Amino acid sequence: MSKNPFRPDETKNTVYDIDYDELYLKGIDCLIFDLDNTLLPQDDMDVPVKVKSLFEALFAKGFDTMLVSNNGEGRIKPVADILDTDYIAKAAKPLPGGIIKAMKNLETKPKNTVLVGDQLSDVMAGNLAGLYTIWVKPISVNEHFGTKIKRGFERMVIRLLNIRWD
C-alpha cells in the first residue's frame, strides 16, 4: 500500500528538534529544506547565526543539503549562498518535480533523503517523491494571503489524520 500523501513521517516543533544523528544512522545523508517559515520567517533575508550553525553542523556530520522553495531565485539564492548550499527555485510544490530535480542534483535516492517543511504542500511533494518527510511548525505567523488560506485546509487534514507535533 502506498503512503498517504498528506501524512508526514515525523512532526517536530522546529528544525532544531530533529535528531539528525538518528537520521544519519538510518542511512539518510541528504536533507532537503523548505525555506519560508521552515528556516526563516516569510520574506526575511536575515539568516540567523543559529541557522548558519545548523547547516555547518550538518555538513560536519556528512549531510548534503538543498533548499527547495516555491519562491523565485531572488528570494532563495541569497539565503542559499549564505548557507553554502544549492537550491531549487519555483519548485511548484505540492508537485514532486522540484524535489525530484533536487535529488538528481544531489545524486541521491529517496531512501537516503529527507524533506523538511512547514506546509502540507512540502509534505505532499516529499511523499509523492518517495521521501521520508518531517513537518515542522511554521516559525512565524506572518504569511502571505495564499498561505493563510492553505493553513485552513491544513488544520482540517491535521484533525482528520490526528497529526500531533512532538
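**Close-up 1. R164, in the segment after α6 (145–161).** This is a predicted model, and here we're looking at R164, which sits past the end of α6. R164 counts as exposed because its relative accessible area is 58%, and the cut-off for that label is over 50%. Look for N13 too: R164 and N13 are 151 residues apart in sequence, yet their C-alpha atoms are 9.9 Å apart in space.

**Close-up 2. Strand β3 (64–68) with its partners β2 and β4.** β3 is mostly covered, with 4 of its 5 residues buried. On one pairing, β2 (residues 30–33) runs parallel to β3 and is joined to it by 4 bridges; I32 stands opposite M66 of β3 there. To get from β2 to β3 the chain goes through α2, in a right-handed β-α-β crossover. The other pairing, β3 with β4, is parallel as well and has 3 bridges. In that pairing, V68 is opposite I88 of β4.

**Close-up 3. Helix α3 (residues 73–83) and its buried residues.** Those buried residues are R75, I76, V79, A80 and L83. Viewed down the axis of α3, they fall within an arc of 105°, so they line one face of the helix.

**Close-up 4. The β3, α3 and β4 unit.** Together these three elements make a right-handed β-α-β unit. Just after α3, check out D84, which takes a positive phi of about 55°.

Note on methods:
Residues are numbered from 1 along each chain as its sequence is written. This is a predicted model: local features need pLDDT of at least 70, side-chain atom pairs count only at pLDDT 80 or more; totals for chains, interfaces and linings use all residues. Side-chain values use heavy atoms; hydrogens and water are left out. Buried means under 20% relative accessible area, exposed over 50%, partly exposed in between (1.4 Å probe, protein chains only). Helices (H or I, at least four residues) and strands (E, at least two) are DSSP runs, numbered from the N terminus. The arc is that of the directions from the helix axis to the C-beta atoms. Contact means heavy atoms within 4.5 Å. Two strands pair if DSSP finds at least two bridges between them. A crossover is right-handed if, with the strands pointing away from the viewer, the path from the first strand over the helix to the second runs clockwise.
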